[in-house]
Amino acid sequence: MGFDFKFELIKECKRTGARVGKLHTPHGDIDTPIFMPVGTQATVKAVTPRDLKEIGAQIILANTYHLYMRPGHNIVAEAGGLHKFMNWDRPILTDSGGFQVFSLADLRQIEDEGVHFKSHLDGSAHFIGPEKAMEIENALGADIIMAFDECTPYPCEYEQAKEAVDRTTNWAKRCKKAHGRDDQALFGIIQGNLYKDLRKKSAEEILSLDLPGYGIGGLSVGEPKPLMYDMLEYLVPMMPNNKPRYLMGVGSPDCLIEGVMRGVDMFDCVLPTRIARNGTVMTSQGKLVIRNATYERDFTPLDPECDCYACQNFTRAYIRHLIKAGEILGAILASIHNLRYLLHLMKQIRQSIMDDSLPEFYNEFIKKYPD
């Protein structure tokens, strides 16, 4: 069954270029700009689907590489697809696994056909190319799927970045040809590292494929933040106004608002749940390392301005105790809170764009998250 995947631009901030939009997908509409929690292995770590709904998650991510390795895309397909398998009836995005193949796999060998690599689980040999990535993503059945691309590290030599751009274009064309479901929107990915001429070349080539949306890959890979912002200012104006722009792998509060200010619509990152498990929380007053001794007798909520389950029912002292004791509930409560904080932040940003007050909101916000 086909589906008319559409991006509706609702409002553009005249002072910044930030946008409010609505993405129409088979499993519901998504208000943008949006932060997407990451559920790498078909689960957002330490958070149930019920909790995700309660905190306002509109869409979540799953990872093609990890689900291919375990339990296998055929098992997910047999279960009725990812939505049924994980009991999530809202939109899902799957990344292509390209980044994981390059960053996790041992003894990988990149060639024009695709990537030969050994599993990080058991050392078994595998090959993923554009056609295989599409086979896996079609089987998983997410609403939005990403083209297979080559992500380069920071720093990166010009020739290596150029090779990756050429491969990414070639692979995107092959993904488009191999993509077999018209109820899934295939997004292309623009690469080019920090070389502006390569970004321009990649943008021109990927945009020429006329896909429903576009990711910006290869940023937030270790480069200083000002370099990322500079590249966004250069690249985003080249991207079409009537399609969503997705900055991949970004999830710190300051980077989210800076990205929105430069016209980005979608973001994802493991950061909020990862730092939660280590005892760090994001709050309306800035970042707190809750495991620190200073909170041992602090009987106030993590964030007095937050309406999440953790903040409404438990204290900093208790959550600190759980994390220090290695109790799973500590990770659960801190993860729920961090995700709720970011989802609420994005809601505030959307509202401030609608109210024509985003620059003022930004000035107040950045005092709390200066870095």
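In which helix is His344 found? His344 is found in helix H14; helices (H or I, at least four residues) and strands (E, at least two) are DSSP runs, numbered from the N terminus. The model is predicted, so that local features need pLDDT of at least 70 and side-chain atom pairs count only at pLDDT 80 or more, whereas totals for chains, interfaces and linings use all residues. Residues are numbered from 1 along each chain as its sequence is written, and side-chain values use heavy atoms, with hydrogens and water left out.

His344 counts as partly exposed because its relative accessibility is 32%; buried means under 20% relative accessible area, exposed over 50%, and partly exposed in between (1.4 Å probe, protein chains only). Between the C-alpha atoms of His344 and Tyr214 the distance is 25 Å, with 130 residues separating the two in sequence.

The second largest pocket holds about 290 Å³ of space. Its lining comprises 15 residues, of which Ser284, Glu305, Tyr341, His344 and Gln348 are the closest to the centre. A pocket is defined on a 1 Å grid over the protein atoms alone as an open set of points where a 1.4 Å probe fits, with protein on both sides within 12 Å along at least five of seven lines; lining residues have an atom within 4 Å of a point. Grid points are joined across faces, edges and corners, and the volume is the space filled by probe spheres set on the points. H14 (328-354) and H15 (358-366) each supply at least two lining residues, and H14 gives the largest share, five residues.

| Helix | Residues | Buried residues |
|---|---|---|
| H6 | 130-140 | Pro130, Ala133, Met134, Ile136, Glu137, Asn138, Ala139, Leu140 |
| H9 | 225-235 | Met228, Tyr229, Met231, Leu232, Leu235 |

Eight of the eleven residues of H6 are buried, so this helix is largely enclosed by the rest of the structure. Just after H6, Gly141 takes a positive phi of about 80°.

Strands S1 (6-12) and S2 (19-25) pair in the antiparallel sense over six bridges; two strands pair if DSSP finds at least two bridges between them. Phe7 has Leu23 of S2 as its bridge partner. Six residues lie between the strands of this hairpin, where Gly17 takes a positive phi near 90°.
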